[in-house]
Amino acid sequence: MSVFIRFKKRAGELSQPRAIFTVLFAVALVALLIFGVSARREKEVVSESFHLGTYINLRAYGRDKKFLETELNGAKSEMSRLEGLFSANIADSDISRAGASSGEWVEISAETASLAARSLEIANMTGGTFDPTIGAIVKLWGIGTSSARVPSREETAQALAAAGWEKVSLCEEDGKYFIKLAHGQMLDMGAIAKGRVADIVRAKLADDGVTCALLNLGGNVVVIGSAPNGGPWKIGIQHPDEPRGEYIGFFAVTDSSVVTSGAYERYFEADGVRYCHIFDPSTGLPAVSDISSVTIADADSTFADALCTALYVMGCAKSLEFMRARPDIAAVVVSDKKVYITPAAKKTFTLTDKNFTLEEIPQ
Ligand code: FAD
Ligand code: MG
């Protein structure tokens, strides 16, 4: 009993300072938490540039601004270096040199060999609707350049004759890489290289310790970690018929990439006909597709980039059939006022424009 009284007395004696201490401790804890969270993600560093024939916007978040600036500058240099290897518009790139010496073995970098090998795999997987050997056709039409024109049938037939992904040979000898194209063949990595560049840059930044970033390579979006607010990044899907920035819905993703192909951005009009920059490798003509846009969300941006282009060429019915066998790939196909999604996309895609109806692609 006495012990209890003594204790009570002591407790009474100490209650005021203890209360003050408790309040101070709580305030310090909250301040620490707020500081901790904001310090972790408080700074945003943005880098804008023009590479790969498109506008690039890189955003990184974190505590150390200097570190992030150095990282994004490094990313820009890396994009320039890779463009120098993969571009069909740079005369001494690996891609251009392979075309200039078609019919012969040409030494290329490990990066180009890896990209070429992946391209051939995806060309095979998509039945050649994605085909990196249509370089001569892309050049002939020049869509997206100031010299865009409708070529003659003979010109198209000639350019098409050299195409065909099955005719490409690759080999490695003593750590060196070589490619041989069929005579007259030219490569064009425009439908896959932005994805590969995004993958390489993302891996480098993540390896160096960047934990929160959004890399937008002309619509090829790659995210590292979760968004600065701690939740998933919300990546909007452009409305195909409305001005840029109007979305029909969004993907909510972390550590992933979201890539869209469509005819609404890059095209050329002649005599009232609109020709898009995506070609049907079976005809050598700009693809005529009933798809307005197709978006893939996948950790592998290289694959997502090439697959989008292939699905666009396939058209709605064939692309739905293709995706039916691949429910684990998150795909959104927009055709007319319908938005078709795979079971994987159902987990991360939200349709916001009620003028469209959502349909799940059955397995
Ligand atoms: P996607 O559907 O991903 O790709 C379409 C592009 O891929 C076409 O433009 C064509 O090049 C090619 N293609 C078309 N159909 C097919 C098919 N069926 N299978 C395979 N490939 C196909 N643009 C410029 O105007 N000037 C430049 O200097 C320039 N340099 C570039 C350098 C690099 C390394 C890369 C990757 C691209 C460059 N581009 C350039 C092109 C440009 O940035 C985009 O690739 C182009 O706008 C198409 O990209 P997309 O994502 O809209 O379409
Ligand atoms: Mg593509």
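Select helices α4 and α8 to begin: their crossing is right-handed, a term applied when the near helix is turned clockwise from the far one by less than a right angle, with anticlockwise giving left-handed. This is a predicted model, in which local features need pLDDT of at least 70 and side-chain atom pairs count only at pLDDT 80 or more, while totals for chains, interfaces and linings use all residues. Residues are numbered from 1 along each chain as its sequence is written, chains are lettered from A and ligands numbered from 1 in the order in which they are written, and side-chain values use heavy atoms, without hydrogens or water.

Stay with this pair. Helix α4 covers residues 110–125 and packs with α8 at an angle of about 45°, their axes lying 11 Å apart. The two helices are therefore oblique. Helices here are DSSP runs of H or I with at least four residues, numbered from the N terminus. Axes are lines fitted to C-alpha atoms over the stretch in contact, and angles run from 0 to 180 degrees between N-to-C directions. Angles under 35 degrees count as roughly parallel, over 145 as roughly antiparallel, 65 to 115 as roughly perpendicular and the rest as oblique.

Now select ligand 1. Around it are 26 residues, the closest being L52, S261, R266, F279 and T309; a residue belongs here if one of its heavy atoms lies within 4 Å. Helix α8 gives the most to this shell, with three residues.

Finally, display the polar contacts, pairs of N or O atoms within 3.5 Å. An oxygen atom of ligand 1 is 2.3 Å from a polar backbone atom of L52. At D131, a polar backbone atom lies 3.0 Å from a nitrogen atom of the ligand. At D305, an N or O atom of the side chain is 3.0 Å from a ligand oxygen atom.

Note on methods
A polar contact is a pair of N or O atoms within 3.5 Å; within protein, one must be able to donate a hydrogen and the other to accept it, and residues adjacent in sequence count only if both atoms are side-chain atoms.
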